[in-house]
Amino acid sequence: MPKTKIPIFSIIIFIISLAVTFLAWRHERDNARRDLQSALDFQLQQTTNRIEQRMAAYEEMLRGIQGLFAVTGDFRRNDFANYVESLQLGADFAGLQAIELARLTPRGQADTVVEQVRRQGEPDYHIWPDSQRDALAPIVQIEPAMGRNLQALGFDPFSEPPRRLAMEQARDSGLTALSGKVKLVFENEPSAPAGFLLALPIFKTGAPHGNLAARRANTIGWVMAVFRMGDLMASLYGEGTAGIVTEIFDGTNPSRETRLFPVSDSASLASRHEFAASEFVVIAGHTWMVRVYGTPGFKEQFDKDKSDLILMAGLGLAILLTLVSWQMATARERAQHIAERMTRELKESEECWKFALEGAGDGVWDWHLAIGELRYSERWKEILGPDSEEHSTGLDRWTSRIHPDDLPAERQNLRACLAGTAPIYLSEHRIRWTDGSWHWVSARGMVVSRDIHGAPLRMIGTISDISERRSTEEQIRHMAQHDPLTNLPNRTLFSDRLHLALSHAKRNHEHAALMFVDLDNFKPINDRYGHDVGDIVLKEVSLRMRQSVRDSDTVARIGGDEFIILLPSITSHDDAFFVAEKVRLAIAQNYDLPGHRLEVSSSIGIAIFPEDGIDALTLSKNADDAMYQAKQSGRNRVQFFRGTVFSQAPSTVD
Amino acid sequence: MARPFLTLLIIAALSLPSAVFAGDRPDCSRPLTLGLHEHGLLYSSDTDTGIDKDVTDELIRRSGCKITVSLMPRARIWQLIESGALDFSLSGISNADRDRFAAFAWYFANKYYLLVRKDANVRQLADFERNDRLKLGVIRSFRYSENANILVDKLNEGQRVVYATGLAPLYETLLDNHIQGMIIEPFDYPVLTERKIRETTVIVEFNDPSIPHGLIMSRKSLPPEELEKWRNIVDNMRQDGTILNIFKKYFEPDIATTMAKY
C-alpha cells in the first residue's frame, strides 16, 4: 500500500465546500439581519407616522382655538373654557395635559393684566418668576382648570428659553411651533417625565399677519398645548411592540439630557445595540430624533436567522464530501495498485510458466481464433523447425506439414477440443521439416475462452519434441523382437508373423511354407575357432539367407545355429524347394575369414501349409521333423516333410 | 386631514387670465387640496415663502379654484396623493411606482448633487461609497436621479443612510458631522445657515441628466380631463415666463434660466 496522503482533489472539494458554506452562511446571515432591520425600519416608520399624525391633530386643535380668538378678539375666559370643553378631548388626545393661554404683556402693563385676571375669579393670581424683561407672556388661563394644572397659572413661559424660542418661532412664522424639552410647571420631582409644548400665535382681530413684520406687530398672545411625553407615547402605543424599544430625543443629538422618551434612566442609549434604526422627524419646525432598537427578546421573536444551522450543516457536508472524495480517490488508487500488482504477478507467473515450460523443453503457443493470430515462443519455432510460411498466421498453417498417417487423428482431436466435446487437445504426430525429415511432436492445448455462443475465442497450449522418445521406444521394441547377433527376427516376432501368415493363407486358400534350417557341424567351428569366429559365421549365414529370400519372406534365428524361414505365399512345392535350395547353396559357399576359409553346410526341413499342418505348432513340428530327416539322410540337403526329395525338386504341390 | 392650514381658505382671484378659456377651466365645484413640504427654497415655514408657495399662488389665481394648502412631510404627501386624500403637491419627480397613482405637469428641471463635508475627503462618488465611516442623510420617500438612487440603495444595504422627514435636521447633523453627505438640489440651501454650509462642504456631481420636476396630481382624486386642464395651466405659466420670473426671485438669472428653460 502506498503512503496515504490527502489527494489534491479532496482538498479542492473541501475548499470549495467551505467557500460555498461561507457564502451561504453570509447570505443567510445578511438576509436575516436585513429582515430584522426591515422589521425595525417598519416599526420606526410606524412610530414616526403616528407621532406626525397625532401632532397634526393637535396643531389643528390649536388652529381651532386660534380661530376662536380671531372671532372673539379678546381673552374672554368663558369662551375659551367652553371651547376647550366642547372639544371633548378624550383618549385620542391623551398626553395633552393642558391648553394654556399666554398673553403678551409689555412690562408696564403687567399689573393691569394681573388685576384683570384677579377680577375674573383668580384672586391669588400673580406673575412669576419675577424678572426685569421688557416683555412678559404670563399664562392667564389654563384649561381644564383643575388640580395641578392650576399651578402654572401666572407662570411666564418667556422666562424659559425653550418655551420662549418656540413662541417666538410661532409668532414669526404664523405657524405652530414645537418647543424643546421642558420640565412642566407642576412637576415637582427631579426625575419628573419630560414635557414639551406646541405654541400658536394669536393675532389681533382683523390685523394683518401676512408677513414677518405684521405678525410681530400684531401678535397678542399664544395658545399652547402642554404635553407629558410619557403619556403621549402611551396613548400612541399602549404597551408597545414586544422586543422593540422606542427612544425619542429632542434635537439631533441623542443623549440623556435630550431624551424625551422613555423617562426611565435605566433605558440605555440605542447606539449600544446591534439592531437600531433612527430617523429625524421635523414636527412644527422642530426636530425630534426617533430611534428604535431591538432588545435580545426582539431578536428571538423576529429572528429567522438559520445561518448557524447552515454553517454547521455546511461544515458537516464539507467534511463528508471531502471524506467521500478522499475515499473515492484512494479507492481508485487502491484499485489501480491492485491492478498493477495483479498485472505484475501475472507477468511474473507468465514468465515463470514460460521459463518452466521452456526449461522443460516445451514450446508455448497462444491461438486467438477470433483474429486468427498465433503467438508462440522461440522454443515452439525450434521444435517445429524452419517454416516457409512465416508470414501466415494460425495454427492451420502447420496442417500441411503433419504426416498423412497422423493427420486424421490430429484433426479429430483438435475439432473435438474446439467443439468442447473433449476438454483438452492432445496429439502426437510427425512434422515434416523443410529438409524432408520427420520429427515427432506432442501437442497439448485447451480452449481458455469462448464467446456467449460457446464458439472458441482463444486456445493456448504447449508442444514438445518427442522424436528421441519415439526413437528409443522403437529401439526397445526392435530389440524385443530381434536377435541381437544377427538382427534377424527372434522367435517371438517370427511366431507373430507365422500366425499372421497362416491366417492370411487360410482366408485366401493359399499355400505357405515353413523351413527349419540347421547348420551342419557348426559346433566344431565354435570349439575350434572360438565363439567370435562362430558369431561371424552366423552373421554371414544370416545375411546370405536374407539375400536368398524375398522381402515378404521372413528369416528368423531361433537357436544357436538354428534358423527358420517363412514363405507366406507359394504356388507350389517347387517354390519352396527353390528357395530352400538357394538358401542351402548360399550357406554352402565358403566363408573367407582372416587366416581361415571355412565351409558350412545346412540341413533344411520343409513343411507345407495346409498339407503338413494347419497350425503353427504342427507345421513347426513337421518342419523340424523334416529337417531332422535331412540330417539323418546325410546333411547338406533339403527335405520335405512328406517325401524324401533330396536336392531334387518335387513336381507339384497337391 | 393633517397639518396646519397655511391659508385657511384661499379664494380665487376674481378675474381669470385671458389665456384660459371657459372650457379649459378646471372643475372648481369642490375645494381642492395642495400639500407643501418644508424644503429649502421651495418652501420655508420660517418665512412662509418659497418657489412652491409662489407657484401655488399662481395656480390658484389662474384656475380660480379654492385650494386649501397644508404643510406636511413629503412622505405623507405621497401617501395622501396615492390615496386620493390630497389633490396636488409641487416639485415632484416621477418614477414607475409614482406614475401609477400620480400625474405630473413639469415646470422645471435640475440636477442632483452630493453635498459632502470637506473633511470627508470625497473627490468623487466612489470615494463616498468606499469609506464605510461616511453616512448619507436623505429625506424618507425621496427619489433622486439614477446614480443618486443607486448610491442611496447601496448605502442603505450597509445601513449607512440616515433618514429625516425634512432637510433641517440633515443640515444640522451634517454640520455636527453626524452625517457626512446629503443629496441636494440647487434650491435646497437653508435660508438661515447657507453661508456656514457652503464653507463646510463641497459639491460632487452625479453625472445624471437633469430631472424634471412638476405639479403632482392625484390620479385617484382627479379625472383624466381635469389632469389635462391643470397641465395646460402649468404649460401656460411656462410659456408666458411666469415660472422663469418666480425662479429669478430665488436664483441668479443664469441658474434660473437653466432650471426653468430646461
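Q: Which way do strands β17 (residues 511-520) and β19 (residues 562-570) of chain A run, and how many bridges join them?
A: Strands are DSSP runs of E of at least two residues, helices are runs of H or I of at least four, and both are numbered from the N terminus. Two strands pair if DSSP finds at least two bridges between them. Here β17(A) and β19(A) run antiparallel, joined by seven bridges. Opposite D518(A) stands E562(A) of β19(A). This is a predicted model, in which local features need pLDDT of at least 70 and side-chain atom pairs pLDDT 80 or more, while totals for chains, interfaces and linings use all residues. Residues are numbered from 1 along each chain as its sequence is written, chains are lettered from A and ligands numbered from 1 in the order written, and side-chain values use heavy atoms, without hydrogens and water.

Q: What do β18(A) and β19(A) form, and how many residues lie between them?
A: They form a hairpin, with four residues between the two strands. Strand β18 (residues 554-557) of chain A pairs with β19(A) through four bridges in the antiparallel sense. T554(A) has L566(A) as its bridge partner in β19(A).

Q: How many aromatic pairs does the structure hold?
A: Rings of Phe, Tyr and Trp (its six-membered ring) pair if their centres lie within 6.5 Å; planes under 30 degrees apart are stacked, over 60 edge-to-face, and the rest tilted. Over all chains there are 19 such pairs. One of them joins F22(A) and W25(A), a tilted pair with 5.9 Å centre to centre and 40° between the planes. Because F22(A) and W25(A) are three residues apart in helix α1 of chain A, about one helical turn separates them.

Q: What area is buried between chain A and chain B?
A: The size of an interface is often given as the accessible area lost when the parts come together. That loss is found with a 1.4 Å probe and summed over both parts. Between chain A and chain B about 2,300 Å² is buried, and carbon and sulfur atoms give 49% of this area. Contact means heavy atoms within 4.5 Å; 27 residues of chain A are in contact with 29 residues of chain B.

Q: How many salt bridges cross the interface of chain A and chain B?
A: A salt bridge places a side-chain nitrogen of Lys or Arg within 4 Å of a carboxyl oxygen of Asp or Glu. The rule finds two across this interface. R34(A) and E157(B) meet in a salt bridge, at 3.1 Å from N to O.

Methods
Buried area is the accessible area (1.4 Å probe) that two parts lose on being put together, summed over both.
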